[in-house]
Amino acid sequence: MQRRLSRISLREFHFYTIVFILLFTVIFSSLLIYDEYKGFEKTVHLETYSNNEMNITKPHALSHSAIKGRLIKIVLEISTLALILFGFIVGISKIVNSMIARDMERFLEFFESVRDRTEPIDPNDLYFSEFKKMAGYANEMASTMQEQKESLQQLNTSLEERVRLKTQALQIKNDALEAEQKFSQGLLDSHKQFIRYAIHETHTPLSVIMANIELFSMNEGRNRYLAKIEAAVKNIFSIYDDLSYLVKKDQIDYPARPVDLGEYVEKRLEFFDEVAHFSNLTFVYNRPEFSAWIMFNETKLQRVIDNNITNAIKYTKNGEEIRVGVECDTSKCLFWVESRSQKIHDSQKIFEAYYRERKKTDGFGLGLSLVKSICDEDGVEIRIVSDNELTRFEYHFKKGNGENTSA
């Protein structure tokens, strides 16, 4: 019932009120007429009875006519009074409802327009004190909303200005970063170009030195000083090969070919034998029982093997042996290097570029990083075992068929 009443408008409420007043008036008039009619019947009955007692018959018709006329007059008076009362009440109700509707229309207009403008309600334009009190609350609410709206507008303007300034600052920084990036890229390109030229120009004198060492050894024989020179030049050659590969690896394709891993490792040990001898170290090579063919690029393979051999020469304790071996099964070939050296504390970090566990040891710290990148590219598994007595590096290559691929 309450929900149904809450959906009734003032116009409908006004209509229902008039209908109720009309029904009330009709009922009221009917009751009055009925009461007068009962009184009329009673009067007629009493007069008839008294006339019969007194045997009077002539004035009977006259008395009935007078009473009936009186009843009709009373009925007309009651009906007229009821109609007048109904009209009076309807008029008052109409005026009151119109005043209420006018005040409500004023509130509706106010709330509909409060989003766009904040024209307050004038309490003097309202009829009822309750609505005037509501107008005060509505005006206060509108004022608060206007203040919040202005505050939000100011905040929005401030935020837009701050965003604009931030955008300008970021644009300036981006321009500066772009200029720095171009400058850095130019430096990097120049650096790569310089290294490329330096490597190119270094190759010729190194080759000349190595050739003259061999010629001198053939003509004059080997001596202690010549051995030192040869060992130093071979170390320089190893560094040169690393740098050359680093510079060219992104521009040159290195296709895989069949390589006998056992023979190749033996040749590289022969190349570094003088370097190991100069450091008071010796190589012990465990040759494979059968041919150890793998599919690999020789340039990449040389970087893996040479860096492990030179690292073993650097870190092996004086007077010890460097054991190197190649083993094969049906699916893989294993190249390993082990020697007595200091324990490796972080077996993962040693593969990071420029990292060296022994700060006093010569080198750039690029060798094992280069080895790791090659192994990751070609699917070579690396295993390291290191304790206080022994350090061992293992490289597991996928086995290839040398006869079929060479053909």
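Helices here are DSSP runs of H or I with at least four residues, numbered from the N terminus, and their axes are lines fitted to C-alpha atoms over the stretch in contact, with angles running from 0 to 180 degrees between N-to-C directions. The model is predicted, so local features need pLDDT of at least 70 and side-chain atom pairs pLDDT 80 or more, while totals for chains, interfaces and linings use all residues. Residues count from 1 along each chain as its sequence is written, and side-chain values use heavy atoms, leaving out hydrogens and water.

Helix H7 (residues 298-315) packs against helix H8 (residues 367-378) at about 145 degrees, with the axes 9 Å apart. On the H7 side, the contact (heavy atoms within 4.5 Å) takes in Lys300, Arg303, Val304, Asn307, Asn308 and Asn311; on the H8 side, the residues include Leu370, Val371 and Ile374.

Lys300 and Asp378 join their side chains in a salt bridge at 3.3 Å, N to O (a Lys or Arg side-chain nitrogen within 4 Å of an Asp or Glu carboxyl oxygen). Lys300 sits in H7 and Asp378 in H8, 78 residues apart, linking distant parts of the chain. Salt bridges number 16 by this rule.

Definitions and conventions:
Helix = DSSP H or I, 4+ residues; strand = E, 2+ residues; numbered from the N terminus.
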